[in-house]
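Here is a short report for a reader meeting this structure for the first time. Please keep the sequence and the 3D view at hand while reading.

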Amino acid sequence: EVYARWIRSELHLLPTATELVPLTRFAEWAQRAATGEDNRASRMLAAKSLTAIAPAHATIAALPELLRRYRDACEHVKHRTFNLARTHVERFLAEQVSRAHRLYVEAAAIATLPVHRRKGRPMSIAQFLEGVARLEPAYAEIAWARTVTGMGPREYWSGRWDERLDRVEIHGTKRAGRERVVPRIRTIARPTHLYQACRRAFAAAFDGRALYDLRRTFARWCKDAEIPRTTRRIYLGHGVQDVQD
């Protein structure tokens with residue numbers, strides 16, 4: 001390899017000891033990450049996906065090329081999955097070899113895939129009550145529970161919340177800011193139906209709206225009630241992110 005690089009004046013591209021670290025280090029880094037459960041799972045998925053297309057005994061020097069190949073595989077179906085994998089590779093390389101290293105520069109130069117986000121459709125109180133009236137009682141209780149707490153689907157269905165006399169304590173899964181307390185204004189029902197069944201029932205009752213729109217509806221009601229912006233962000237688990245907060 002040294003000779004092949006020399007005759008092409010590419011000695012600067014020879015891997016150094018830093019770059020010859022086994023690719024398995026990426027998976028180890030993903031697994032021991034001091035982060036939320038969702039982010040750790042996302043990192044481990046990226047490591048698994050890239051390792052699956054890597055040659056035997058690959059090193060981290062292969063990461064930019066593996067990322068290019070993975071982008072091609074995700075181009076028509078999994079845009080967000082690739083973008084998250086790219087972010088994880090960048091972060092790993094920044095810690096492993098520094099942002100000035102050619103491996104990091106090559107990985108960062110790989111373009112993300114476009115993600116088209118569906119616009120949310122929060123409801124007014126009248127729209128919500130009209131939709132709830134079309135639901136079976138058990139589904140209606142789930143709709144109320146989601147809408148008066150702002151819980152995300154995973155938080156609600158995982159049971160990571162406790163109902164107290166005057167508040168609901170929500171134990172989020174994404175990051176520290178998701179550990180939060182919201183006021184309790186009615187009884188909060190535990191889920192009695194699976195997520196997919198609820199999604200179909202709610203779409204039919206709420207004019208095709210997504211299940212996540214119940215969380216957006218909570219945010220809208222808080223705003224209409226003139227609850228301060230920072231308090232609303234805490235209720236939603238967004239945490240303190242800027243100077244205004």
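## Helix H8 and its two partners

Helix H8 and helix H11 (residues 213–224) cross at roughly 50 degrees, and their axes come within 8 Å. That angle makes H8 oblique to H11. From H8, the contact draws on Ala-143, Trp-144, Arg-146 and Thr-147. From H11, it draws on Leu-214, Arg-215, Thr-217, Phe-218 and Trp-221. Sorted by class, the residues of this contact are five nonpolar, two polar and two charged. The model is predicted, and this holds for everything that follows.

H8 (residues 137–147) also packs against helix H10 (residues 195–205). Here the angle is about 90 degrees, and the axes are 11 Å apart. H8 is therefore roughly perpendicular to H10. On the H8 side, Tyr-139, Ile-142 and Ala-143 take part. They meet Ala-197, Cys-198, Ala-201 and Phe-202 of H10. This contact of H8 with H10 has seven nonpolar residues, with no polar and no charged ones.

## Where H3 crosses H5

H3 packs against helix H5 (residues 79–96) at an angle of about 90 degrees. Their axes are 9 Å apart. The two helices are therefore roughly perpendicular to each other. H3 supplies Asn-39, Ser-42, Arg-43, Leu-45, Ala-46 and Leu-50. H5 supplies Thr-81, Leu-84, Ala-85, His-88, Val-89 and Arg-91. By class, the contact of H3 with H5 divides into six nonpolar, four polar and two charged residues.

Glu-37 also belongs to helix H3, which covers residues 37–52. Its relative accessibility is 44%, so Glu-37 counts as partly exposed. How far apart are Glu-37 and Ala-85, in sequence and in space? They are 48 residues apart in sequence and 16 Å apart in space, C-alpha to C-alpha.

## Salt bridges

How many salt bridges does a search of the whole structure find? It finds 18. One joins the side chains of Glu-10 and Arg-5, at 3.0 Å from N to O. Another pairs Glu-65 with Arg-68, where the closest N and O atoms are 3.2 Å apart. Both Glu-65 and Arg-68 sit in helix H4 (residues 63–74). They are three residues apart there, so about one helical turn separates them. Glu-65 is partly exposed, with a relative accessible area of 41%. Arg-68 is partly exposed too, at 33% relative accessibility.

Arg-68 also forms a salt bridge with Glu-106, and the closest N and O atoms of that pair are 3.7 Å apart. This pair links distant parts of the chain. Glu-106 is in helix H6 (residues 102–108) and Arg-68 is in helix H4, 38 residues apart. Glu-106 is partly exposed, with a relative accessible area of 27%. Which residues do salt bridges with shared partners join into one network? They are Glu-19, Glu-65, Arg-68, Arg-102 and Glu-106.

## A buried arginine without a salt bridge

Now take Arg-232, in helix H12 (residues 229–236). Is Arg-232 buried or exposed? Arg-232 is buried, yet it has no salt bridge. The nearest side chain of opposite charge belongs to Asp-224, and it is 8.5 Å away. A salt bridge needs the nitrogen and the oxygen within 4 Å.

What does Arg-232 touch, leaving aside its neighbours within four places in sequence? It is in contact with Ala-219, Cys-222, Lys-223 and Ile-227.

## Two loop residues with positive phi

Most residues other than glycine have a negative phi. His-57 has a positive phi of about 60 degrees, although it is not a glycine. His-57 is placed in the loop between H3 and H4. It is exposed, with a relative accessible area of 79%.

Asp-207 also has a positive phi, near 60 degrees, and is a residue other than glycine. Asp-207 lies in the loop between H10 and H11. At 53% relative accessibility, Asp-207 counts as exposed.

Note on methods
Residues numbered from 1 in each chain as written. Predicted model: local features only at pLDDT ≥ 70, side-chain atom pairs only at ≥ 80, totals over all residues. Heavy atoms only, no water. Helix = DSSP H or I, 4+ residues; strand = E, 2+ residues; numbered from the N terminus. Buried < 20%, exposed > 50% of the residue type's maximum accessible area, 1.4 Å probe, protein only. Lys, Arg positive; Asp, Glu negative; His and termini not counted. Contact = heavy atoms within 4.5 Å. Axes fitted to C-alpha atoms, helices over the stretch in contact; angles between N-to-C directions. Parallel < 35°, antiparallel > 145°, perpendicular 65-115°, else oblique. Nonpolar A, V, L, I, M, F, W, Y, C, P; charged D, E, K, R; others polar.
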